[in-house]
Amino acid sequence: MFLEVKNIVKSFHNEAVVRDLNFSLDAHKTLSILGKSGCGKTTMLKIVAGLENADAGTISLGGKNIDNVKPGKRNVVYLYQEDLLFPHLNIFENIAFGLRIKKFPEKEIVEKVNAMVESLELNGQETKMPHQLSGGQRQRVSFGRAIITSPSLLLLDEPFGSLDAGTRQRMQEFFKSLTAKYQITSLFVTHDLKEAILMGDEIAFMQSGRLKVYKDKTDFINDPVTGVQNEIGFWENLIPGKVERETLRK
Ligand SMILES: Nc1ncnc2c1ncn2[C@@H]1O[C@H](COP(=O)(O)OP(=O)(O)OP(=O)(O)O)[C@@H](O)[C@H]1O
């Protein structure tokens, strides 16, 4: 498997936050991770990114053990909800940033950034500064900046949490098409049940630092702990009320 996480354990001041984390993921796939606030999702992502040290366990990426590899050398990008763009750089330069660090030739930078701007439907916005964009546009720029360097692994921590429902849906569509186009492997943390189902090739549910991976979405939907059955029950319960209201109106 491309990503292998084995027996990862992490405590903060005797509070066990991640307990015996085990999962693996094939290249170019997305694993959605759903879980309540405080269950350890961000800590898990930070360990994979190398931003937190695990107390025990091992991680390998592309067949190589990365336990002792510094965050900047892992080729793993961590993207979170309030991800900030560089305020002094325009949109083109924000997206180009990682390519410039990696010393890509200018011609290639221009080609790649223009293609990304096109894919993100940000044409005409290239010379604007971040404060001149809407929240959804800024999020698209962050996303473009994160994937343009083709990271081995993209970690998304509730990336669309601050967006309104319509913009969020559009971002989900961008995410699906761009991760396919750029062949991205990713872990996608979300609080949103529907988003987890839509975004993931596989889904995992995290509870009190333990992660359960469902290789088959039907198993996830049928397991009462995931909350999907509750959600279905909620909508089904609304339907008789709706029929009643419509009858009264006549
Ligand atoms: N640096 C730290 N020091 C001490 N405790 C921490 C630290 N980071 C996280 N924790 C604790 O670990 C637990 C899990 O936090 P984490 O941020 O991983 O949760 P989460 O599932 O991402 O929550 P949310 O969905 O609200 O972002 C929490 O109880 C938190 O207080």
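Analyst: Helices here are DSSP runs of H or I with at least four residues, strands are runs of E with at least two, and both are numbered from the N terminus. This is a predicted model: local features need pLDDT of at least 70, side-chain atom pairs count only at pLDDT 80 or more, and totals for chains, interfaces and linings use all residues. Residue numbers start from 1 along each chain as its sequence is written.

Step back into α5 itself. The helix has 17 residues, and at 1.5 Å a residue it should span 24 Å. Its end C-alpha atoms are 24 Å apart, which agrees. The expected span is 1.5 Å times one less than the number of residues.

Which residues of α5 are buried? They are Gln172, Phe175 and Thr179. A residue is buried if 20 or more other C-beta atoms lie within 10 Å of its own, exposed if 12 or fewer, and partly exposed in between, with C-beta atoms placed from the backbone. The face turned away from the buried side carries exposed residues: Gly166, Glu173, Ser177, Ala180 and Lys181.

What do the buried residues pack against? For α5, the partners are β3 (30-35), β8 (186-190) and α6 (193-199). Two residues are in contact if their C-beta atoms, placed from the backbone, lie within 7 Å.

Now look at a neighbour. Helix α4 covers residues 135-147, and its buried residues pack against α5 (165-181). Other partners of those residues include β6 (76-80), α2 (91-101), α3 (106-119) and β7 (153-157). Among the buried residues of α4 are Gln139, Arg140, Val141, Phe143 and Ile147. The 13 residues of α4 should span 18 Å at 1.5 Å a residue. Its end C-alpha atoms are 19 Å apart, which agrees.

Go on from α4 to the loop between α4 and β7, where Ser150 lies. Phi of Ser150 is near 50°, a positive value in a residue other than glycine. Ser150 has 13 other C-beta atoms within 10 Å, so it is partly exposed.

His28 lies in another loop, between β2 and β3. Its phi is near 70°, again positive in a residue other than glycine. With 14 other C-beta atoms within 10 Å, His28 is partly exposed.

Four strands form an open sheet in the order β2-β1-β4-β5, with antiparallel pairing. Strands pair if DSSP finds at least two bridges between them. The edge strands, β2 (15-25) and β5 (64-65), each pair on one side only. Seven bridges join β1 (residues 3-12) to β2. Ile8 stands opposite Leu21 in β2.

Finally, zoom out. The protein has eight helices and 10 strands. Buried residues make up 34% of its 250 residues. Its C-alpha trace spans about 65 × 50 × 30 Å along the principal axes. Among contacts between residues at least 6 apart in sequence, 67% join residues at least 24 apart.
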